[in-house]
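Subject: The structure we talked about

Hi,

Here is the structure I promised to pass on. Have a look at it first, and then read my notes below.

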Amino acid sequence: MNIYDIAEKANVSPATVSRVVNGNKSVKEETRKRIQKIIEETNYVPNSLARNLSVGETQNIAFLVPDIENPFFSKILHGLSDTANQYGYNVFMYGTNDDLAVEHRILDGIRKENVKGMVIIPISDRDQGTIERLERISKNRIPIVLVDRDIYRADFDGVFSDDCEGTKDAVQCMIDAGHKKIAIVAGPQNSRPGRERMKGYEKALKEAGIEKREEYIVNGKFKENESYEACKRLLNLLDPPTAIFSSNNMTTLGCLKYLKDHGMEVGKDISMVGFDEIHELNCTNIRLTTVCRPIYEMGCSAMELLEYNFKVPIADGKGKVIRRTSVVKTKLVVRGSEKLKR
């Protein structure tokens, strides 16, 4: 059964059925009871999307992530969804697979759908195609909140972490342990996390008076397989590093896999510090020093920013007066992997 079948049985218009389903009191009592009786007899269940369209509202939130396999994004989704549930919203996640063409296609589709707001972790902060699409979506009065990654010169609200300072603390930890040959498996430099973590690495070396060596900087693209190869390049140098900073959790996994495949141990053959926790390591004997941040809370904050924008909508033809951003602090959890056992 659909709304048109109900309307035909009740000898009324579909609009009248819609008004009854949506609780509109303008329908005559006799007509309302007749329609409700038919609904009960046929076990009709209103389609929520159709209902939203009929009343001009939706409770759907779109969430775009570059890598659905990365537990970091799942943790963001957890916080986002829990907070959305409190407000009665539904969250739909889309994976872009770090492919700009896919990101563009999904954004084109979302612009035509009935969504209330969007949370996005963009692939690149300077891709003009994505920027233009987000601006078009925003002009349709659909609020957008960025998480973790920024958009160049955008006025979208966002939730970020202090990646530069967190990385600086991590590298300083290895310097304090006596290391001078410190490498980094970096992330994409067209993203805020990639650049900020590189900046923190360079800042720590400079303040310690340690010369930066270009051969010790290898891009793992925040991917496990690419980071495996990056670790291989570093450890096959004629003068390999004694310590490695891995720029995110997938980078850490790639490096650890290479070490395992080649019979090497963290803290014995090489020192290592990572960015973002990997809870599965608690089931191993690897005690990795890690830069941690409140990931779940970042998802919660993103939804709170969206809710604020729902309550304080942008006037037609006027841009945002103030960009609201939240920057969470990181914390270095020291477990000893920054040292080499002698």
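A quick definition before we start: helices (H or I, at least four residues) and strands (E, at least two) are DSSP runs, numbered from the N terminus. You're looking at a predicted model, where local features need pLDDT of at least 70 and side-chain atom pairs count only at pLDDT 80 or more, while totals for chains, interfaces and linings use all residues. Residues are numbered from 1 along each chain as its sequence is written, and side-chain values use heavy atoms, with hydrogens and water left out.

Let's begin with V328, which belongs to strand β11 (residues 325-328). Its relative accessible area is 12%, so V328 is buried (buried means under 20% relative accessible area, exposed over 50%, partly exposed in between, with a 1.4 Å probe and protein chains only). What does V328 touch, leaving out residues up to four places away in sequence? The list is F160, S161, D162, P294 and M298, where contact means heavy atoms within 4.5 Å. V328 and F160 are 168 residues apart along the chain, yet 6.3 Å separates their C-alpha atoms.

**N309 and a polar contact**

Now find helix α12 (residues 295-311), where N309 sits. N309 counts as buried because its relative accessibility is 8%. Its side chain makes a polar contact with the side chain of D157, at 2.9 Å. A polar contact here is a pair of N or O atoms within 3.5 Å; within protein, one must be able to donate a hydrogen and the other to accept it, and residues adjacent in sequence count only if both atoms are side-chain atoms.

**S124 in its loop**

S124 is in the loop between β3 (117-120) and α7 (128-139). With a relative accessible area of 6%, S124 is buried. A polar atom of the S124 side chain lies 3.2 Å from the backbone nitrogen of R126, and the S124 side chain also reaches the backbone nitrogen of D127 at 3.5 Å. Not counting residues up to four places away in sequence, S124 touches I151 and N190.

**Aromatic rings**

A pair of aromatic rings is described by the distance of the centres and the angle of the planes. Rings of Phe, Tyr and Trp (its six-membered ring) pair if their centres lie within 6.5 Å; planes under 30 degrees apart count as stacked, over 60 as edge-to-face and the rest as tilted. How many aromatic pairs does a search of the whole structure find? It finds four. One of them is Y89 with F310: the ring centres are 5.4 Å apart and the planes are at 75°, so this pair is edge-to-face. It links distant parts of the chain, with Y89 in the loop between α5 (71-87) and β2 (90-95) and F310 in helix α12, 221 residues apart. Y89 counts as buried at 7% relative accessibility, and F310 counts as buried at 16%.

Y228 and Y258 also make an edge-to-face pair, because their ring centres are 5.3 Å apart and their planes are at 80°. Y228 is in helix α10 (residues 224-235) and Y258 in helix α11 (residues 249-261), 30 residues apart. Both of these tyrosines are buried. Y87, Y89 and F310, meanwhile, form one aromatic cluster.

Two charges sit over rings as well. The charged end of R126 is over the ring of Y152, 3.8 Å from its centre, and that of R197 is over the ring of F275, 3.8 Å from its centre. The rule is that NZ of Lys or CZ of Arg is within 6 Å of the ring centre and within 35 degrees of the ring normal.

Two strands pair if DSSP finds at least two bridges between them. Strand β6 (residues 182-186) runs parallel to β8, joined by four bridges, and I184 has F245 as its bridge partner. β8 also pairs with strand β9 (residues 271-275) in the parallel sense over four bridges, and there the partner of F245 is V273.

Enjoy exploring!
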